[in-house]
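Have a look at the structure first, then skim the notes below.

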Amino acid sequence: MFSLNRMKERIIRCIIKEKDDESVLKLENISWDTPAGTEVLKNLDLEIPEGKLIVITGPNGGGKTTLAKIIAGIYTQKSGRILLNGEDISALDITQRAAKGISFAFQQPVRFKGITVRKLIELASGSTMKEHELCDILSKVGLCAREYINREVDSTLSGGEIKRIEIASVLARHTDISLFDEPEAGIDLWSFSNLINVFQDMRKDLKGTLVIISHQERILEIADEIIVVADGSIKARGTADEMMKILMNSNGISGVCSKQEELLK
Amino acid sequence: MKKITEDLLREISEWNGEFKGAYNIREDGACVGRISSKNIKIESKKDKPGLEIYVAPGTVGETVSIPACVTHGDVDDLVYNDFFIGENADVIVVAGCGIHTETGEPARHNGIHRFFLAKNSKVKYLEKHIGTGHGTGLRSIDPVTEAELEEGSILEMDTAQIGGVDRTLRSTKAKVGKGARLLIRERILTEKEQTAQTEFEVELNGKDSGVDLISRSVARDNSRQGYHSVIIGNAPCTGHSECDAIISENGKVDAAPELHAHDNDAALIHEAAIGKIAGEQILKLRTLGLTEEEAEATIIDGFLS
């Protein structure tokens with residue numbers, strides 16, 4: 001009896017371990033061309049482990065945003081497969097992938113006349129919400145619910161405000177994978193500093209897998225893993241410590257972009 | 001009162017079996033209920049169909065409702081309602097119109113409303129129009145609003161016509177006095193073969209007078225809408241008009257804003273934008289799990305809210 005229980009425990013541990021080792025997202029041999037025929041992603045393979053904060057960096061035009069949009073279904077791959085938790089989602093559209101557990105925060109958040117912050121967050125969460133629930137979500141991005149829930153997601157919001165609401169709309173979904181496309185882009189220095197705190201707090205209380213496309217050193221520093229995408233494929237990946245040493249040696253982060261291709265050849 | 005009238009009243013006003021405050025219910029051209037209050041008197045016009053509504057000076061926080069319903073085809077209802085708002089009064093006027101026909105015969109309501117706002121008075125005017133029923137008879141609502149705003153008064157007009165009305169010609173004219181302000185918010189949705197034309201003419205006659213006119217419209221299917229606004233600044237004043245329209249399927253929108261600055265210190269602005277729903281708006285909502293159809297409906301609902 002005793003040995004049988006031990007055996008069961010071992011089996012369960014094995015199953016858990018196997019699940020731990022599994023990647024939440026797997027891209028196999030993904031290629032994508034622009035409508036004009038320029039090759040952007042070239043036979044790209046990528047595995048994203050579960051429950052980690054991954055930062056994807058690399059030069060502009062290297063394929064980072066395209067990669068994230070392929071994952072979310074906004075672009076359709078020319079070839080290759082995408083697996084989410086082992087399930088082939090290659091043929092699913094944006095809505096179906098969203099339902100399966102993928103969220104995407106746009107680099108340039110979209111504005112809507114007449115749709116309030118409350119409505120947008122409720123649409124994201126899939127149900128109506130009480131004020132304290134909205135407060136829980138919005139406080140994570142440093143906004144006071146009372147001041148914002150009745151405001152429209154329109155041009156009256158500043159760049160920093162709409163960026164935070166975009167992030168909140170992703171957080172409200174509680175999905176397996178959340179993709180953030182350059183959250184630092186287009187916001188002022190003061191808002192940026194607060195935004196870093198938002199991601200640092202999210203790092204402490206991590207649920208699901210976060211994939212952030214970023215050039216910013218302070219975001220790279222909080223990654224479990226950094227992946228460098230350049231010229232349409234993965235050029236390098238490693239822990240933040242390992243990768244930061246390599247990247248910092250090439251004249252700081254801003255230098256990464258221009259020098260990285262040479263460095264990583 | 002007919003069952004159809006009750007259904008229409010629920011849609012166009014805050015009626016839930018009764019009204020708060022003074023009211024007059026018009027059904028197929030006849031009065032089917034009227035109550036005046038201590039401060040708001042409703043009287044029948046002597047010379048033509050319609051009402052004279054007198055709000056006593058200093059009346060604050062009261063509501064007067066004068067909904068009109070047409071419940072069947074072959075009705076052409078014309079009514080003249082005049083509102084006299086006393087000095088320093090601050091009231092809400094609810095004047096919706098519901099029109100229903102189940103036959104092939106047309107049904108029309110033409111309400112001509114005149115507002116006279118005395119010094120420092122304030123009116124919030126809510127006007128909601130709907131058309132219901134399955135008949136092929138044309139449902140037409142042709143409202144005319146004329147307003148004279150004396151010194152320091154404020155008229156806030158909130159008007160909505162969200163589907164079901166086949167033909168509409170809306171005309172709104174106002175003369176705005178010293179320090180007075182006119183705020184108009186209009187929302188129109190047309191679909192199928194419907195047409196809607198909306199005309200505004202605002203004269204800013206007093207020093208520091210102002211108008212803020214915001215029109216949002218959605219034209220779907222084969223429907224067509226026209227927007228024409230004229231703002232005339234005859235004094236140091238501020239005028240702003242904004243016409244935003246979404247077109248889908250074969251919907252058409254014609255927008256013609258006019259600004260006339262007839263005083264050196266008149267500051268007038270117009271903004272207009274017409275186009276399809278932005279593709280990125282649909283994308284964003286789809287990444288939240290909505291289908292394309294749900295995303296479109298959500299964007300239009302919000303736009304017209």
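Let's start with burial: 47% of the 305 residues in chain B are buried. Keep in mind that this is a predicted model, and the predictor gives the complex an ipTM of 0.85 and a pTM of 0.84.

**Chain B overall**

- Chain B is built with 22 strands and 3 helices.
- Its C-alpha atoms fill a box of roughly 55 × 55 × 35 Å along the principal axes.
- How does the radius of gyration of chain B sit against that of a compact globule? A compact globule with 305 residues would come out near 19 Å, and chain B has 20 Å, which agrees.
- If you take the contacts in chain B with a separation of 6 or more, 81% of them are between residues 24 or more positions apart.

**Confidence in chain B**

- The mean pLDDT of chain B is 94, and 100% of its residues reach 70 or more.
- Within chain B, helix α1 (residues 3-12) has the lowest confidence, with a mean of 88, while strand β13 (residues 144-149) has the highest, at 98.

**Where the chains meet**

- Chain A puts 20 residues into the contact and chain B puts in 18.
- On the chain A side, the elements giving two or more residues are α3 (94-100), β6 (102-105) and α4 (117-125).
- α3(A) gives the most to that side, with 4 residues.
- By type, the chain A side splits into 12 nonpolar, 5 polar and 3 charged residues.

**The four-stranded sheet of chain A**

- This one is an open sheet with antiparallel pairing, and its 4 strands run in the order β2-β1-β4-β5 in chain A.
- β2 (39-49) and β5 (87-88) of chain A are the edge strands; each has a single partner strand, so one side of each has no neighbour in the sheet.
- Strands β1 (residues 23-33) and β4 (residues 79-84) of chain A are joined in the antiparallel sense over 5 bridges.
- Helix α2 (residues 64-72) of chain A lies across β1, β2 and β4 of chain A, and it runs at about 65° to β2(A).

**The six-stranded sheet of chain A**

- Chain A also has an open sheet of 6 strands with mixed pairing, ordered β6-β7-β8-β3-β9-β10.
- Here β6 and β10 (233-239) of chain A are at the edges, each with a single partner strand, so one side of each is left without a neighbour in the sheet.
- Ignoring direction, neighbouring strands of this sheet are turned by 20° against each other on average.
- α7(A) packs on the sheet and touches β6 and β7 of chain A, with its direction at about 180° to that of β6(A).
- At the β10(A) end, 6 bridges join this strand to β9 (residues 225-230) of chain A, and the two run antiparallel.
- V229(A) and I234(A), the latter in β10(A), stand opposite each other.

**Backbone angles to check**

- Most residues other than glycine have a negative phi.
- H174(A) has a positive phi near 50°. You'll find H174(A) in the loop between α7 (159-171) and β7 (177-181) of chain A.
- H174(A) counts as partly exposed, because it has 15 C-beta neighbours inside 10 Å.
- D28(B) has a positive phi too, near 45°. D28(B) is in the loop between β1 (22-27) and β2 (30-35) of chain B.
- With 18 other C-beta atoms within 10 Å, D28(B) is partly exposed.

**A closer look at T195(B)**

- T195(B) is found in strand β17 (residues 195-204) of chain B.
- Neighbours within four places in sequence aside, T195(B) is in contact with R167(B), T190(B), S223(B) and R224(B).
- T195(B) and V253(B) are 58 residues apart along the chain, and their C-alpha atoms are separated by 9.9 Å.

Key
Residues numbered from 1 in each chain as written. Chains lettered and ligands numbered in written order. Predicted model: local features only at pLDDT ≥ 70, side-chain atom pairs only at ≥ 80, totals over all residues. Rg over C-alpha atoms; globule rule 2.2 N^0.38 Å. Buried ≥ 20, exposed ≤ 12 C-beta atoms within 10 Å, placed from the backbone. Contact = placed C-beta atoms within 7 Å. Nonpolar A, V, L, I, M, F, W, Y, C, P; charged D, E, K, R; others polar. Pairing = 2+ DSSP bridges. Axes fitted to C-alpha atoms, helices over the stretch in contact; angles between N-to-C directions. pLDDT = per-residue confidence, 0-100.
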